[in-house]
Structures are given as C-alpha cells and as structure tokens.
Amino acid sequence: MRMLRNLKQLYIERSDFERALRCTDRLLILDPGDGDELRDRGKLYAHIGHGAAAIADFRRYLERRADAADADQVRHWMIELGAVPQRLN
C-alpha cells in the first residue's frame, strides 16, 4: 500500500491523473473502508472530467466521515461539480 501511495503522489505531481486514479482504485480494493482514498478518488475523477463519479465518491466519503475536518470543502466541490456539464464518454 505504501508503494501505491507513493506512486499515486508521483503521478499527481506530474499531473498524470488517470494513472493516479488507477493507483487509488487499487488502494481501495486493498482497503475498501479507507475514506481518505475515496475522497482522493473523487478529486481525481473531477480532474479528468468525470463529475458524476466524483460526486458519488464525495457523497460516500461524507456518509462515512460526516464530521471530517474537510467536510465543508468536499460539499463545496460537490456544488461546483453539479454546475459543470458532465463528460459524455
């Protein structure tokens, strides 16, 4: 898991969000209850234009961690994504 997190961070630093997303998917397979990875996957989906998938992950994150320190920020991202036309494919 540490290796996947390191790879994910490297890909994010290089703006290779699709590869970072694949790392996050694998991390969630290994630990499906990791709320932080769920939030991160939502951010990555948003970066590549998959607003509906991002909103779904943010919603699940807030269901699991309603009292998270960044809950208001995540709600703000959801509002922003709701106002953006969704990617067709």
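Residues are numbered from 1 along each chain as its sequence is written, and side-chain values use heavy atoms, with hydrogens and water left out. Because the model is predicted, local features need pLDDT of at least 70 and side-chain atom pairs count only at pLDDT 80 or more, while totals for chains, interfaces and linings use all residues.

Me: How many salt bridges does a search of the whole structure find?
Reply: A salt bridge here is a side-chain nitrogen of Lys or Arg within 4 Å of a carboxyl oxygen of Asp or Glu. Searching the whole structure with that rule gives 13.

Me: Which residue forms a salt bridge with Arg5, and in which helix is that partner?
Reply: The closest N and O atoms of the pair are 3.5 Å apart. Helices are DSSP runs (H or I, at least four residues) numbered from the N terminus. Arg5 lies in helix 1 (residues 2-13), and its partner is 32 residues away in helix 3 (residues 35-47). That partner is Glu37, in helix 3.

Me: Is Glu37 buried or exposed?
Reply: Buried means under 20% relative accessible area, exposed over 50%, and partly exposed in between (1.4 Å probe, protein chains only). Arg5, at 35% relative accessibility, counts as partly exposed. Glu37 has 4% relative accessibility, so Glu37 counts as buried.

Me: Which residue forms a salt bridge with Arg41?
Reply: The closest N and O atoms are 3.3 Å apart. The pair links distant parts of the chain, with Arg41 in helix 3 and the partner 16 residues away in helix 2 (residues 17-30). The partner is Asp25.

Me: What is the N to O distance in the salt bridge of Arg39 and Asp40?
Reply: Both Arg39 and Asp40 are buried. They also belong to a network of salt bridges that includes Arg5, Lys8, Glu37 and Arg65. The Arg39 and Asp40 side chains meet at 3.1 Å.

Me: Where is Tyr61 found?
Reply: Tyr61 has 0% relative accessibility, so it counts as buried. Contact means heavy atoms within 4.5 Å, and beyond four places in sequence Tyr61 touches residues including Leu38, Arg39 and Val74. Tyr61 is found in helix 4.

Me: At about what angle do helix 4 and helix 5 pack?
Reply: Axes are lines fitted to C-alpha atoms, for helices over the stretch in contact, and angles run from 0 to 180 degrees between N-to-C directions. The axes of helix 4 and helix 5 are 10 Å apart, and residues that meet include Phe58 in helix 4 and Trp77 in helix 5. The two helices pack at about 155°, which makes helix 4 roughly antiparallel (over 145 degrees) to helix 5. The angle is about 155°.

How values were computed
Parallel < 35°, antiparallel > 145°, perpendicular 65-115°, else oblique.
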